[in-house]
Amino acid sequence: MSALAAPPRRLGRFELLRELGRGAQARVWLAHDPRLDREVALKLLDPDADADAVSQWLHEARAVSRLTHPNIVPVFEADAHEGQSYLVFEFVDGPTLAAARRSRPTMPAREAVQLLLGVLDALAAAHEQGIVHRDLKPSNILLGRDGRARMMDFGIAARTSQADGRIVGTAGYMSPEAARGEAPVPAMDVFAAGVLLGELLSGGPLMRESDPMRAVQRVQVEDLELPPATKVDQ
């Protein structure tokens with residue numbers, strides 16, 4: 001006799017199909033929403049997450065809910081079920097830019113620029129709402145099957161009026177202003193987009209530094225430049 005199949009895992013009305021990824025205090029699942037009969041990305045906060053993580057979760061929901069743009073992954077709802085906080089996003093059927101680059105680290109110039117134009121357009125929409133992403137990097141960009149880049153993860157986004165003195169972001173993509181803990185400004189995201197374009201053209205990081213703190217220090221005093229061997233015209 002064959003073993004009975006395990007019942008599907010559920011969270012409220014959502015059926016959790018498979019895990020898409022995980023971070024320090026959250027996991028992302030592909031889930032089915034029977035109410036609207038569609039697949040969604042469900043971001044589950046760990047049940048034992050601290051108060052700061054819950055606050056950050058709410059912050060992300062509020063930030064993304066203000067933004068409607070074809071190059072930004074929209075949030076459908078934010079709720080909790082039996083003490084389990086979650087966010088529901090559009091499911092984008094495709095890899096992150098970080099995953100896609102493992103098999104093809106270098107991108108033709110025209111293709112790289114087209115991809116970044118969509119990202120820059122999304123950033124402009126966020127900046128018009130006074131929101132600075134502060135963590136633009138390949139793992140926060142999804143590539144849909146239609147080839148369109150979609151920006152996600154506004155967990156540490158901030159209003160341009162918020163000056164808390166914290167140094168936040170990812171070493172290697174952080175601007176000099178961000179590395180100094182200055183108030184969020186759109187130029188921080190534009191800098192990260194420039195670094196990202198440079199990486200797509202050259203096939204490797206512009207800041208080669210294994211120590212994150214050292215990278216944060218270096219970006220404040222060094223210019224990031226394309227390697228001489230990069231095949232791209234002016």
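Colleague: What makes you say that Leu97 touches other residues, and which ones are they?

Modeller: Contact here means heavy atoms within 4.5 Å, and Leu97 meets that limit with Met107, Leu115, Pro138, Ile141, Leu143, Leu196 and Leu200, once residues up to four places away in sequence are set aside. This is a predicted model, in which local features need pLDDT of at least 70 and side-chain atom pairs count only at pLDDT 80 or more, while totals for chains, interfaces and linings use all residues. Residues are numbered from 1 along each chain as its sequence is written, and side-chain values use heavy atoms, with hydrogens and water left out.

Colleague: What makes a group of residues a nonpolar core, and which members of the largest one touch the most others?

Modeller: The name requires Ala, Val, Leu, Ile, Met, Phe, Trp, Tyr or Cys residues that are buried and joined through side-chain atoms within 4.5 Å, where buried means under 20% relative accessible area, exposed over 50%, and partly exposed in between (1.4 Å probe, protein chains only). The largest such core has 40 residues, and those touching the most other members are Leu97, Leu115, Val119, Leu136, Ile141, Met151 and Phe154. At least two residues of this core come from each of β4 (38–45), α1 (51–65), β6, α3 (109–128), β8 (141–143), β9 (149–151) and α5 (186–202), with α3 giving the largest share, 7 residues. In soluble globular proteins, nonpolar side chains tend to be buried together.

Colleague: How do you know whether Gln84 is buried or exposed, and what does Gln84 contact?

Modeller: The relative accessible area of Gln84 is 12%, which is under the 20% limit, and therefore Gln84 is called buried. Gln84 belongs to strand β6 (residues 84–90), a strand being a DSSP run of E with at least two residues, whereas a helix is a run of H or I with at least four, both numbered from the N terminus. Beyond its neighbours within four places in sequence, Gln84 contacts Leu11, Leu44, Leu45, Asp46, Pro47 and Asp79.

Colleague: Why is Arg10 called partly exposed?

Modeller: Arg10 has 45% relative accessibility, a value between the limits of 20% and 50%, so the intermediate class applies. Arg10 is part of strand β1 (residues 9–11) and touches Glu15, Leu16 and Pro34, again without counting residues up to four places away in sequence.

Colleague: What makes the phi values of Asp37 and Arg134 worth a remark?

Modeller: Most residues other than glycine have a negative phi. Asp37 has a positive phi near 50 degrees, and Arg134, also not a glycine, has a positive phi of about 75 degrees. Asp37 sits in the loop between β3 (26–33) and β4 and, at 59% relative accessibility, is exposed because that value is over 50%. Arg134 sits in the loop between β7 (131–132) and β8, yet its 12% relative accessible area is under 20%, so Arg134 is buried.

Colleague: How do you know whether the radius of gyration agrees with that of a compact globule?

Modeller: The rule, applied to C-alpha atoms, is 2.2 Å times the number of residues to the power 0.38; for 234 residues a compact globule would be near 17 Å, and the protein chain, at 19 Å, agrees. The C-alpha trace spans about 65 × 40 × 35 Å along its principal axes, and buried residues make up 42% of the 234.
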